[in-house]
Amino acid sequence: MNKTMYFSFEAAETGFDPAAYSDLYSNIVIANMMETLLEFDYLSRPTRVVPGTAAAMPEVLDGGRTYIFHLRKGIYFAPHEVFGGKKRELTAQDYVYSLLRLVDPSTKRPNAWLLRGKVIGLDEKLAEYKKTKQFDPNVPVEGLKALDRYTLQIKLKKPDYDLPYIMAMPSTVAMAKEIVDKYGDQDAGAHPVGTGPYMLKQWERGHRMVLEANPNFRGLTYAPPADAKGVDQNVANQLKGKVLPLIGTIDIRIIESGQAQYLDFLRGGQDILVDTKPEYAALAAPGGKLDPKLVKKGIRSFTEQQPEIVYNHFNMDDPVVGGYTPEKVALRRAFTMSYNSLKEAMVLRNGQAIEAQGPWSPGIVGYDASFKNPFHAYNPARANAILDTYGYKDVDGDGYRERPDGKPLEVEYLGTAGSGRELEEQILNAFRDIKIRARTVQVSFPDLIQRRQNGKYQLAGGAWIADYPDVDNFLQLLYGPNTGEGNDARFKLPEFDRLYDDITAMPDSPERQKKVMRMVRLASAYAPWNFNVHRIRTHFAQGWTTGFAKHPFDHVKFMYYDIDLAKREAYKKQQ
């Protein structure tokens with residue numbers, strides 16, 4: 001436990017309250033400090049969920065409407081002064097409290113969609129808040145209650161076949177009520193306390209996070225399920241018989257420059273480099289084969305088609321680019337036809353991506369690789385013809401179009417400092433090709449998240465990495481009731497919403513897939529998103545590291561990693 005592992009993020013975190021923050025970087029830290037009832041098995045491929053803090057997989061009753069979880073006994077929160085010097089055991093009530101905080105309408109909750117409209121009695125509790133402005137997460141509802149100290153019951157309005165996946169997401173971890181009581185909702189994210197393998201030792205916002213092994217953690221010995229498939233036996237052998245975690249301190253820094261990240265890794269400044277920028281992945285492993293010089297140094301590379309989508313999304317509430325009338329739809333379609341996503345994939349991302357056709361990703365239930373979006377093909381001439389047809393004319397002769405009513409037309413793209421100038425230039429070129437004035441504004445990653453959630457933008461960049469392998473996890477981003485809670489495009493289409501309600505209660509089947517494809521076509525036709533690419537991700541690990549495997553859906557889990565200090569020191573002396 002005297003070891004320190006060095007790691008980096010390419011963008012800043014926002015905070016560590018699981019009910020309030022859901023960006024990738026915050027979630028990585030949350031997932032290492034707090035625990036869910038279920039979790040993804042580390043090495044099973046295809047992926048599967050297994051018990052986390054639950055003693056076993058849940059009992060499923062009433063045709064999928066009732067789930068009963070039995071917690072393991074003897075799980076304790078990390079030490080904190082709020083517990084008065086005593087060890088604080090995890091209970092079922094902690095999950096009742098944490099899950100109700102997830103939907104608390106008095107505070108911005110980006111993942112309220114996970115439970116809202118599903119749990120019996122929850123919508124009534126939310127409706128009561130509108131009258132009284134009071135919402136107490138300590139008071140259970142009929143569908144979410146602790147039957148005893150170690151038993152949690154969740155009762156649903158209708159079957160939800162994805163609930164086990166949801167109970168493995170970082171948003172559904174258990175957080176101690178005492179922390180929120182002491183620090184309040186606004187500051188609880190700066191004082192995270194969970195039952196996981198690590199706890200927060202130091203935090204310099206937007207710069208550095210240091211995690212320290214939780215002395216109250218029970219310790220785990222990993223073994224793949226007996227019937228697991230696709231297990232990386234090399235990693236399994238590295239972990240066999242070892243009590244986790246294996247490293248005492250995790251030192252995470254924010255390095256927004258892809259070049260600086262990569263060079264720091266080559267110098268030995270980082271032990272593992274996840275999600276390497278595409279230009280440096282292509283440099284290190286041209287054609288997908290690791291450079292022999294790096295192989296000689298002991299460096300290993302891992303490449304995966306990530307289950308995610310990169311997209312640009314319009315604010316459907318904006319008076320210029322939003323709306324559902326034919327001329328507004330025409331404006332958005334014209335942009336999708338003038339944006340060259342193939343160039344983004346092959347040139348700007350150095351071939352480390354494939355074109356996207358719809359609001360989903362390969363590798364999930366519901367994806368159809370044969371679908372071709374008729375409004376996605378790069379065709380600026382057709383885009384200009386559409387704008388001409390719907391009255392977007394250059395009225396004043398300055399070379400740029402005005403709106404059909406003659407008012408000025410300009411679109412602002414909201415991006416981040418780390419998004420890359422070439423990508424922003426491609427967006428500007430797309431608008432230039434259809435004679436629309438546009439400009440870009442750069443903000444920090446946390447500010448981007450906030451402005452998207454609050455609808456304070458016209459067009460913004462986005463990316464969604466699957467939380468679990470089902471198309472529902474993507475389509476919920478366009479579900480009307482999720483506006484401001486994942487649906488940052490603020491897309492509200494009654495037919496789409498009805499279909500979403502249908503598919504969430506259906507198992508995978510031809511009938512469900514037919515509804516899914518109707519939703520994909522609606523999203524393509526109304527164009528709240530421009531579907532860009534699915535990234536191919538490359539990760540690197542130093543020769544002195546063991547236990548590293550990148551999970552398709554789960555977050556980076558530091559407790560499985562180990563390092564050989566002598567080998568690291570020897571490497572650094574050679575640099």
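Buried means under 20% relative accessible area, exposed means over 50%, and partly exposed lies in between, with a 1.4 Å probe and protein chains only. Helices (H or I, at least four residues) and strands (E, at least two) are DSSP runs, numbered from the N terminus. The model is predicted: local features need pLDDT of at least 70, side-chain atom pairs count only at pLDDT 80 or more, and totals for chains, interfaces and linings use all residues. Residues are numbered from 1 along each chain as its sequence is written, and side-chain values use heavy atoms, with hydrogens and water left out.

Which strands pair with strand 19? Strand 15 (residues 308-314) pairs with strand 19 in the antiparallel sense, over seven bridges. Here Tyr311 stands opposite Gly462. Strand 17 (residues 410-416) pairs with strand 19 in the parallel sense, over two bridges. Here Leu414 has Ala460 as its bridge partner. Two strands pair if DSSP finds at least two bridges between them.

## The sheet 4-5-7-6

Four strands form an open sheet in the order 4-5-7-6, with antiparallel pairing. Strand 4 (59-61) and strand 6 (144-148) are the edge strands, and each pairs on one side only. Neighbouring strands are turned by 20° against each other on average, direction ignored. Helix 2 (residues 92-101) packs on this sheet and touches strand 6 and strand 7. The direction of helix 2 makes about 175° with that of strand 6. Axes are lines fitted to C-alpha atoms, for helices over the stretch in contact, and angles run from 0 to 180 degrees between N-to-C directions.

Strand 4 pairs with strand 5 (residues 66-70) in the antiparallel sense, over three bridges. Val60 stands opposite Tyr67 in strand 5. In a regular strand the side chains alternate between the two faces of the sheet.

Is Gln153 buried or exposed? Gln153 is buried, with a relative accessible area of 13%. Its place is in strand 7 (residues 151-155). Residues that Gln153 touches include Tyr67, Ile68, Leu144 and Leu147, not counting residues up to four places away in sequence. Contact means heavy atoms within 4.5 Å.

## The sheet 1-12-9-8

Another open sheet of four strands has the order 1-12-9-8, and its pairing is mixed. Its edge strands are strand 1 (4-9) and strand 8 (198-204), each pairing on one side only. From one strand to the next, the twist averages 20°.

Strand 8 pairs with strand 9 (residues 208-213) in the antiparallel sense, over six bridges. Met199 has Glu212 in strand 9 as its bridge partner.

## Salt bridges

How many salt bridges are there? The count comes to 40. A salt bridge is a side-chain nitrogen of Lys or Arg within 4 Å of a carboxyl oxygen of Asp or Glu. One of them joins Lys157 and Asp123, with the closest N and O atoms 2.6 Å apart. Lys157 lies in the loop between strand 7 and helix 4 (163-166), and Asp123 lies in helix 3 (residues 122-132), so the pair ties together parts that are 34 residues apart in sequence. Lys157 is partly exposed at 38% relative accessible area. Asp123 is partly exposed at 24%.

Glu495 and Arg518 meet in a salt bridge too, at 2.8 Å from N to O. Glu495 lies in helix 16 (residues 494-503) and Arg518 in helix 17 (residues 510-526), so this pair ties together parts that are 23 residues apart in sequence. Arg421 and Glu425 form a salt bridge with closest N and O atoms 3.2 Å apart. These two are four residues apart in helix 13 (residues 421-433), so about one helical turn separates Arg421 and Glu425. Finally, salt bridges link Glu410, Glu412, Arg439 and Arg451 in a network.

## A nonpolar surface patch

Leu342, Met346 and Val347 form a nonpolar patch on the surface. Together they have about 290 Å² of accessible area. Accessible areas come from the Shrake-Rupley method with a 1.4 Å probe, and for residues only the protein chains shown count as cover. Patches are made of residues with over 30% relative accessible area and no salt bridge: like charges are joined within 9 Å, nonpolar side chains (Val, Leu, Ile, Met, Phe, Trp, Tyr) within 5 Å. Leu342 has its place in helix 11 (residues 341-348). With a relative accessible area of 45%, Leu342 is partly exposed.
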